[in-house]
Amino acid sequence: MSNPIRLQKFIAQCGIASRRKAEAYISAGRIAIDGQITKEMGIRIIPGKNKITFDGKLVEAREQLVYYLLNKPKGYVTTLSDPQGRPIVTSLVKESKARLFPVGRLDLDTEGALILTNDGEFAQKIQHPSHGIDKTYEALVKGCPNKEKIALLERGIFLEGKMTAPAAVSVVAKVGKNCLMQITIHEGRKRQVKKMFAFIGYPVLHLKRTAYGKLSLGRIALGDFRQLNPSELNKIFL
Ligand code: URA
């Protein structure tokens, strides 16, 4: 149960109306507390305890929407529970009481940028193919693909019965006999990056997502996270 808050604030938080409109509804006698119409403006109610109705219909508390960018470490699953008892990504954001879930998935051994939120609508929107949001990865691959192989991945390959969409692929650095590659894709097929490099004969040794749209991981340490503000959320769609 939460702390007492002003009735008009509660109504606004529930997404029924702005605070000013809520005040107008209270004055108009359209709001009831536990079945009792009230026109008392400053009255405080306890969300979860008092039953608030608007024109007789229950007004339900809505969890405040929150958004986090997490640098997922290896060994964490991006599901909400795991039959094998492995740790789940949302357990890393201890400060939040919200019912967070990850947007999309990363493999158990993949690190990097993962958005966690309790906003189902937003999660659906950013994953919808119509938005084609870019996801950028750094992949350490075994060996170093030549220009032809890279061009193949960029144009698209036939993977599990379907062509992959055009991708941007480049060599970031040579690491001994291996290469650190950058790849940007806007599809989200299961294990897609690993499958694409495996297809051209250069298996992925280590994979990290560095950006989601124009939202980069930046300096967030492995296992750490930060809250995103609304303007940063827009960066995802740029
Ligand atoms: N592609 C993969 O192969 N694995 C991931 O975790 C994400 C993209």
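Visitor: In which strand does Q182 lie?

Guide: Q182 lies in strand 14, residues 178–185; strands are DSSP runs of E with at least two residues, helices are runs of H or I with at least four, and both are numbered from the N terminus. This is a predicted model, in which local features need pLDDT of at least 70, side-chain atom pairs count only at pLDDT 80 or more, and totals for chains, interfaces and linings use all residues. Residues are numbered from 1 along each chain as its sequence is written, and side-chain values use heavy atoms, with hydrogens and water left out.

Visitor: Is Q182 buried, partly exposed or exposed?

Guide: Buried means under 20% relative accessible area, exposed over 50%, and partly exposed in between (1.4 Å probe, protein chains only). Q182 counts as partly exposed because its relative accessibility is 31%.

Visitor: How many salt bridges does a search of the whole structure find?

Guide: Side chains of opposite charge can pair when their charged atoms come close. A salt bridge is a side-chain nitrogen of Lys or Arg within 4 Å of a carboxyl oxygen of Asp or Glu. The search finds eight. In one of them, R86 pairs with D82, the closest N and O atoms being 2.9 Å apart.

Visitor: Which parts does the salt bridge between K194 and D109 tie together?

Guide: The side chains of K194 and D109 meet at 2.6 Å, N to O. K194 lies in helix 5 and D109 in the loop between strand 8 and strand 9, so the pair ties together parts 85 residues apart in sequence. Salt bridges with shared partners join D107, D109, R191 and K194 into one network.
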